[in-house]
Amino acid sequence: MDDDIKPDKPTTLSAVDLACVKSMAATIREAVLRQAGGEAEIVAEKVVAKLREEEPKPPIAEPELLTVKQAAVVLGISPQAVRHRLHSESFPARLVVRLGGRVMFVRAKLTAWIAGGAR
């Protein structure tokens with residue numbers, strides 16, 4: 001029955017709103033349990049489980065430095081094409097950082113370079 005109810009579009013609750021909803025769910029759960037018994041327990045557990053799914057997750061920080069593979073995704077080309085352009089010095093030097101034997105791209109500079117129309 002509860003699987004048939006779906007919102008028109010997904011919503012994101014703030015931590016405060018989520019805490020209020022959880023508190024209300026707990027109050028409703030207690031009242032229903034007092035009146036209905038075992039079946040209400042199952043419904044209440046489904047509500048609590050659904051609320052736990054809705055808990056906001058912290059945003060994933062994007063790395064400031066990108067590997068060749070990650071830069072290839074941003075550029076929309078293959079990693080092999082990125083390596084070829086590195087060897088032919090097609091990228092401006094300001095985009096690339098060399099750490100030991102690794103070549104890394106500065107994300108902010110790479111995206112700015114792309115936004116500027118360079119490919």
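This is a predicted model: local features need pLDDT of at least 70, side-chain atom pairs count only at pLDDT 80 or more; totals for chains, interfaces and linings use all residues.
Colleague: What makes β1 and β2 edge strands?

Modeller: The open sheet has the order β1-β3-β2, with antiparallel pairing. β1 (65-66) and β2 (96-99) each have a single partner strand, so one side of each lacks a neighbour in the sheet.

Colleague: How do you know that β1 pairs with β3?

Modeller: Pairing requires at least two bridges, and two bridges join β1 to β3 (residues 102-106). The strands therefore count as paired. Leu66 stands opposite Phe105 in β3. Helix α5 (residues 107-115) packs on the sheet, where it touches β1 and β3.

Colleague: Why is α3 called roughly perpendicular to α4?

Modeller: The axes of α3 (residues 68-75) and α4 (residues 79-87) cross at roughly 100° and come within 8 Å. Angles of 65 to 115 degrees count as roughly perpendicular, so the term applies to α3 and α4.

Colleague: Which residues meet there, and of what class are they?

Modeller: Val68, Lys69, Ala72 and Leu75 in α3 meet Pro79, Val82, Arg83 and Leu86 in α4. By class, six residues are nonpolar, two are charged and none is polar.

Colleague: Why are the buried residues of α3 said to line one face?

Modeller: Val68, Ala71, Ala72 and Leu75 are buried. Viewed down the axis of α3, they fall within an arc of 105°, so they line one face of the helix. Their cover includes β1, α4, β3 and α5. Lys69 and Val73, on the other side of α3, are exposed.

Colleague: What follows α3?

Modeller: Gly76 follows, with a positive phi near 75°.

Key: Residues are numbered from 1 along each chain as its sequence is written. Side-chain values use heavy atoms; hydrogens and water are left out. Helices (H or I, at least four residues) and strands (E, at least two) are DSSP runs, numbered from the N terminus. Contact means heavy atoms within 4.5 Å. Axes are lines fitted to C-alpha atoms, for helices over the stretch in contact, and angles run from 0 to 180 degrees between N-to-C directions. Angles under 35 degrees count as roughly parallel, over 145 as roughly antiparallel, 65 to 115 as roughly perpendicular and the rest as oblique. Ala, Val, Leu, Ile, Met, Phe, Trp, Tyr, Cys and Pro count as nonpolar, Asp, Glu, Lys and Arg as charged, and the others, Gly among them, as polar. Buried means under 20% relative accessible area, exposed over 50%, partly exposed in between (1.4 Å probe, protein chains only). The arc is that of the directions from the helix axis to the C-beta atoms.
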